[in-house]
Amino acid sequence: MAKVPVQFTLNGSEKAEFVDGGTTLLNALRDKIGDTSPKGGCHQGTCGACSVIVDGELRLSCLTLAETCNGATITTTSGLAEGGVLHPLQRAFLDTFASQCGFCTPGMIMAAKVLLDHTPNPSRDEVVEALSGNICRCTGYEPIIQAVLTAARANSQNAA
Amino acid sequence: MAIRRGRGVAAINYPTGMNLGGDPTQALVHSTPTGNFMVTLSSVDLGQGMKQIMAQICAETIGVPTDRVVVDTADTDTGPHCMGTFASRGTHRAGNAVIQAAKEARQVMLEVAAEELEVNASDLETDGQGNILVKGAPQKSISIFDVALSAHFKRGRSISGRGMFLIPRSYPEKETGAMKPSTCYAHACTVAEVEVDDETGEVTVLTVKNVFEIGRALNPKMVEQQLVGGSWMGISHALYETTEPYYPNRDHGGTDFNQYLMPGPGDLAETEIIVLERPSGDGPYGAKGPGEMCANPQIPAVANAVFDAVGVRIDTLPITPERILRALKAQAN
């Protein structure tokens, strides 16, 4: 099968790859580009572990074809820390012990980031709603909900 | 037809580790040339935090900061033998093995330091910050960094230790069947409040209040993390999870995350966790195994709460709406 050229911006860097037609964004990111922060949990869009941000929207990279992302701006969890300083969400996940095995964590952080980008001071119900497409099998969710609320508070204090 | 409320309580004892043919774990500890310490294990960290706990135990025993210890659990082929991470045995078994290995390594470290300082090893102590001091004369000291360099490049010593912890197999007494399958028990008690819709059979868990007695909490935040997650898993076991809802018939078993349900972030009961610390006699620094038992007491507590609410005993898990409705129907007849 002919290879398809794909170009996009990943975490601020220009990327260009040739992929097989039908390659998912998840596989392109992990296997071609080497960004393994999105995880392949179910490969059918039910677990959220592969979540990334494409042009500001939360997307399941396992159900997104890489070739549809030409020219897009993509953010993954590995692009959040700046100069060795963790993103407030990453800091909050650490401080509230919101990660155990860690497999769901990058997807959770992506879902939370999109929420906070649009709703800087969410209610608990809004956090629950935003995380409801992401499955965690370790924490019981409560520490993750607390992490997102903690990051939101940190943001609002910085803004004030 | 109504929403009925009930409350149930349950308490459990939970053994740390298992019996079978004996329950061993081994550990090896050695220093790098610059005085960091490597713990080699075949025990695996599943996300519960074993690497952190083993680093803490090794650091505490040798007398160095935790960040001077690296735990390698990379390879069960080449690492020292471990029965595995299960039965809540990781901290207890591997922890005891690490203590023994770290003690031996500490002794060599002190012997090398004694040669450098020209004193007796028994007169030395560690400050926990990476230095070895002469007792009563702390101005006479040497850094563990320099001790390791000396051992490696000058004295030809290996600052290392071997650790082995074995719970031997317990055979039952022929007459009575009595045996001692475990040396260490954790305990827990849960009170659960539920609402049961006696028309649909649906159960909503309103609150779960848990008390866990887990020996000493070696890392209190990680213990709490595991207990919070475990309490949620217990509710999931009680009400949701099964691969074969009509066992032994395999029909209608969940095949993916859409069908094999667990409570989501919108289904959480109000949860309370209280930790009681009663250090165990044979655990590393008093620890027991809280891993699996933290998901156990919620199950009978929820079953009892359902009984309290609608008067039927469900003795098959999970307690599904269908099972409750069938039991209510049988009770009415």
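Here is a short exchange about pockets and domains in chain B of a predicted model.

Residues are numbered from 1 along each chain as written, and chains are lettered from A, with ligands numbered from 1, in written order. In this predicted model local features need pLDDT of at least 70, side-chain atom pairs count only at pLDDT 80 or more, totals for chains, interfaces and linings use all residues, and side-chain values use heavy atoms, without hydrogens and water.

Me: What makes Gln48(B) and Glu292(B) part of the lining of the largest pocket?
Reply: A pocket is an open set of points on a 1 Å grid over the protein atoms alone, where a 1.4 Å probe fits, with protein on both sides within 12 Å along at least five of seven lines; lining residues have an atom within 4 Å of a point. Gln48(B) and Glu292(B) are among the 36 lining residues, and both are among those nearest the centre. H4(B) gives the largest share of the lining, 7 residues.

Me: What volume does the largest pocket have?
Reply: About 680 Å³, where volume is the space filled by probe spheres set on grid points joined across faces, edges and corners.

Me: How do you know what domain 1 and domain 2 of chain B bury between them?
Reply: Buried area is the accessible area (1.4 Å probe) that two parts lose on being put together, summed over both. For these domains that comes to about 1,400 Å², 58% of it on carbon and sulfur atoms.

Me: How many salt bridges count between domain 1 and domain 2 of chain B?
Reply: A salt bridge needs a side-chain nitrogen of Lys or Arg within 4 Å of a carboxyl oxygen of Asp or Glu. The count between these domains is 0.

Note on methods
Helices (H or I, at least four residues) and strands (E, at least two) are DSSP runs, numbered from the N terminus.
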